Amino acid sequence: MTTTRRDFLKTMGSLSLAFYMPLNVKAAPGTAPGTTPGAAFEPNALLRIDGDGTITVWATRTEIGQGVRTSMAMAIAEELEADWSRVKVLQASTAPKFGDLGITGGSQTTRSTTEAMRKVGAQAREMLLQAAADTWGVPKIECEARSSRVQHAASGRSLAYGELVGKAATLTPPANPPMKAPKDFRLLGTDVRRLDGPDLVTGRARFATDLHLPGMLVASIERCPVFGGKVKSFDAREALKVSGVKQVLQVSSGVAVFAEDTWAAFAGRQKLKVQWDEGPAAKVDSATIRKQFEARLATPGKVVRQEGDAGQALAKAARRIKVTYDAPFLAHATMEPMVAVADVRPDRCQIWAPTQAPGLALPAIEQLTGLKADRIEIQVTLAGGGFGRRAMADFVLDAVECSKAVGAPVKVQWTRPDDFQHDGYRPATLHELEGAVDDQGHPLAWRHRFVGPSIAAANHFPWPPEATELAGAADLAYDIPNLHVEWGQCDTSVPVWFWRAVPASFNPFVTECFLDELAHAAGKDPLDFRLDHLPKAPRKLGRDTFDPARYRAVLELAAARAEWRTRKLPKGWGRGIAAHAYLDCGTYVAQVAEVEVKAGGAIRVHRVVCAVDCGLVLNPGNVKAQMEGGIAYGLSAALYGDIAVKDGHVTAANFLDQPILLLPAMPKVDVHLVASDLPPGGVGEPGLPPLAPAVGNAVFAASGKRLRSLPLLPPGLRRA
Amino acid sequence: MAVFTLSVNGQSHKVEADADMPLLWVLRDRLQLTGTKFGCGQGLCGACTVHLGGAPVRACKTRLGDVGARPVTTIEGLDPQGAHPLLKAWLELDVSQYGYCQTGQIMKAAALLTANPRPSDADIDQAMGRNVCRCGTYLRIREAIHRAAGKKAEVTP
């Protein structure tokens with residue numbers, strides 16, 4: 001476990017933000033409409049204060065619902081001592097003045113940008129203080145900034161930030177401005193509602209799919225249903241007869257129908273006749289993949305963690321269990337199907353895309369257009385869901401290629417079936433576990449071998465293939481004397497990509513449920529068994545440090561709030577517990593699920609009690625919202641999530657084939673935060689990993705039936 | 001192709017289009033009312049919910065030719081001042097995450113409150129139970145509807 005997604009983000013330069021950004025850059029004219037040039041203070045490309053007191057912040061990460069536009073603005077506003085009601089947020093583009101936008105993913109934004117954003121605010125605050133001090137001819141140290149004003153208490157004078165912009169703009173930003181101590185925070189740590197809220201509820205918010213440029217065509221692309229298939233030939237005559245259809249062209253991903261509006265493009269596409277060369281993947285289906293996994297599982301993989309001698313311990317053990325677990329491929333299913341708009345001209349290219357990784361798309365855009373990066377600008381739009389999907393470049397490149405082909409601005413709009421059937425899927429995996437407990441009921445040995453595709457290898461990332469697959473398995477939290485974890489690479493023709501929590505969306509299900517099996521074998525309470533077998537001191541796991549005290553605290557808090565030891569549940573109900581330390585983003589979460597199992601195997605999750613330690617809490621309301629969201633996304637997958645493959649293509653095309661959790665099945669969720677002054681961690685993903693095992697363990701408690709295969713519902717009951 | 005006269009948010013519009021064109025694309029691509037969202041095109045997610053003659057419908061499954069004289073209300077016309085109790089409740093509870101489904105959720109909820117000013121949890125589950133929210137904001141949606149219902153009751157004794 002030498003490499004993780006965090007490296008990926010670092011490689012892409014996400015940490016260089018702000019500190020390497022040229023200071024005192026002049027914003028391009030017209031970037032903030034309605035302001036007069038020269039009447040603004042722009043100490044940094046990410047911050048502008050206008051003469052009327054308006055504070056504009058540019059967010060350098062993509063808003064995918066996790067709240068980064070608000071949280072990045074909060075970090076700047078905190079140090080700036082800004083009047084929050086005057087703060088608005090715009091989105092940074094790939095224009096050079098904004099520096100590298102990095103990648104929005106891995107729950108890394110809080111960790112990788114908070115300090116930098118605070119520094120942006122602190123620099124500006126110091127300059128405003130200096131400007132006021134100079135105006136009054138008093139020492140700067142006698143001046144105080146608060147709520148967008150500088151005050152001089154000794155003389156009772158004060159000036160609004162807006163009145164200071166002219167003078168502040170002539171000053172040099174300090175290299176190392178003083179930063180506030182967290183105990184002095186006024187904004188961070190409070191419930192702050194998202195800045196985009198009003199635009200979202202009134203329909204004013206503009207997603208990429210909402211954009212309409214003059215002269216723009218809408219394209220819809222017919223793709224080979226079989227992964228890797230190619231166009232053999234096509235007949236566009238009937239498609240071209242559809243009113244509004246302008247052109248039909250072959251493009252890299254299939255055959256594109258260009259039309260005046262979306263409906264005409266869809267209607268034209270339905271009339272298209274395409275012959276495909278389906279290629280070798282046409283013989284692949286879920287059953288052949290399963291056989292491939294089983295064969296791989298029978299052979300040794302790469303050892304990714306080894307302590308003691310699990311083989312010998314198991315051979316000698318009196319009580320041992322050997323079982324298999326599996327998890328399916330999963331689709332992201334963002335509510336806004338993939339979409340992007342591009343306007344490729346001979347000398348420049350503009351793109352509007354809800355991308356989580358503009359930098360990943362740029363090299364391919366350069367290649368497609370023949371333009372250098374400085375002639376290409378990606379405007380990052382609001383995203384109607386991300387979950388990792390929008391870090392893929394495919395939908396952005398569609399738009400670029402289509403616009404270049406017709407010499408006009410083009411929006412490429414995916415349909416829901418396109419979105420389900422041409423995703424990069426969460427890898428499927430197959431696991432074999434063998435464990436033993438001793439006569440006193442202590443865990444003696446743990447051997448875990450699992451196989452599945454590698455996201456790193458499939459996408460040619462410069463890391464070892466296992467780098468993207470191990471979290472939740474190789475970093476097993478518990479202190480077991482003989483421990484052996486092995487991973488076997490087993491690639492298939494199904495494209496794989498990052499999904500919310502990536503391997504921690506399946507490995508913790510396997511490990512936290514198997515741990516429950518050992519607890520049961522030992523005759524121990526699942527909570528006690530966990531608490532009794534944590535390491536005594538922090539320990540290095542991979543390159544991160546696991547802190548058993550934090551893990552213990554979230555387990556104990558979740559258990560206490562769920563009244564684990566005392567609350568009597570109705571007949572047919574059970575409770576289960578699970579935890580996961582999301583070491584990559586510094587956040588620990590434990591959950592207790594209360595579940596009713598009905599006749600025939602129907603599962604109703606009534607309540608989830610969630611305890612989270614994400615270090616210093618920057619916005620408690622948002623942390624709670626993200627935990628609720630992670631639980632819902634996790635429960636949707638745990639109950640219904642299964643992307644099946646037949647004849648080389650994904651069978652699911654819509655929300656009936658692949659149900660999504662709906663309101664009536666949403667459990668009550670109680671979120672409890674651990675107070676902490678550790679560095680703030682991410683929250684977008686960590687709410688998800690404990691959910692499936694907590695539910696699986698609760699199902700066992702309720703019914704005595706151990707479910708080792710995701711999704712948990714039997715096929716006939718997978719209806720949302 | 002024919003010319004249709006539509007009443008949308010109190011305004012009359014002439015639209016020349018095929019009778020089969022879904023109302024969703026008329027609203028979004030012809031009238032630039034993009035608050036009504038495309039989520040599935042199959043009537044399965046509710047992101048495109050609008051009111052037709054006061055009743056909630058899925059605009060992606062509503063043919064232009066079937067609209068007739070019934071007035072259409074979209075999120076843009078729900079309350080142009082943004083003072084609708086649901087909009088306030090949605091903001092107070094910070095319901096939205098990425099927010100793409102929320103305009104459809106709000107239109108469905110508004111129709112519910114018109115029909116049933118004080119809905120129970122079960123009424124809400126029944127009415128809202130086919131609108132997908134991928135962020136999982138369901139608990140807040142339910143609470144916001146209750147809150148808006150309470151406010152409504154306060155202002156109209």
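Two strands count as paired here if DSSP finds at least two bridges between them. Keep that in mind as we walk through this predicted model, starting with a sheet in chain A. That sheet is open and has three strands in the order S5-S6-S7 of chain A, with antiparallel pairing. Strand S5 (143-146) and strand S7 (157-160) of chain A sit at the edges with a single partner strand each, so one side of each has no neighbour in the sheet. Going from one strand to the next, the twist averages 20°.

Now look at how strand S6 (residues 149-152) of chain A is held to S7(A): the two run antiparallel and are joined by four bridges. H3(A) touches S5, S6 and S7 of chain A, and its direction makes about 135° with that of S5(A). Helix H4 (residues 161-168) of chain A touches S6 and S7 of chain A, with its direction at about 80° to that of S7(A).

Chain A also has an open sheet of four strands, in the order S1-S2-S3-S4, and here the pairing is mixed. The edge strands are S1 (40-44) and S4 (87-91) of chain A; each has a single partner strand, so one side of each is left without a neighbour in the sheet. The twist averages 20° from strand to strand here. For a parallel pair, go to strand S3 (residues 55-59) of chain A, which five bridges join to S4(A). Within that pair, A:Ile55 stands opposite A:Val87 of S4(A).

Which helices lie across these strands? H2(A) lies across strand S2 (47-50), S3 and S4 of chain A, at about 125° to S3(A).

Next, the helix pair. Two packed helices are described by the angle between their axes and the distance between the axes. For H2(A) and H3(A), the angle is about 35° and the axes are 6 Å apart. Their crossing is right-handed. On the H2(A) side, the contact includes A:Val68, A:Met72 and A:Ile76, while residues from H3(A) include A:Thr110, A:Met117 and A:Val120. By class, the residues of this contact divide into 10 nonpolar, six polar and four charged.

Stepping back to the whole of chain A, the domain assignment gives domain 1 (5-202), domain 2 (208-278 + 338-413) and domain 3 (286-331 + 424-717). Taken over C-alpha atoms, the centres of domain 1 and domain 3 of chain A are 39 Å apart. Their contact takes 21 residues from domain 1 of chain A and 24 from domain 3 of chain A. On the domain 1 side, helix H1 (5-11), helix H2 (68-80) and helix H3 (109-136) of chain A each supply at least two residues. That side has five nonpolar, 11 polar and five charged residues.

Finally, bring in the second chain. How many residues of chain B are in contact with chain A? There are 45, and they meet 47 residues of chain A. Elements of chain B that give two or more residues to this side include helix H1 (23-30), helix H4 (102-115) and helix H6 (138-155). H6(B) gives the most, with four residues. By class, the side of chain B that touches chain A has 23 nonpolar, 14 polar and eight charged residues.

Conventions: Residues numbered from 1 in each chain as written. Chains lettered and ligands numbered in written order. Predicted model: local features only at pLDDT ≥ 70, side-chain atom pairs only at ≥ 80, totals over all residues. Contact = placed C-beta atoms within 7 Å. Nonpolar A, V, L, I, M, F, W, Y, C, P; charged D, E, K, R; others polar. Domains from an automatic or database assignment. Axes fitted to C-alpha atoms, helices over the stretch in contact; angles between N-to-C directions. Left-handed = near helix turned anticlockwise from the far one by under 90°.
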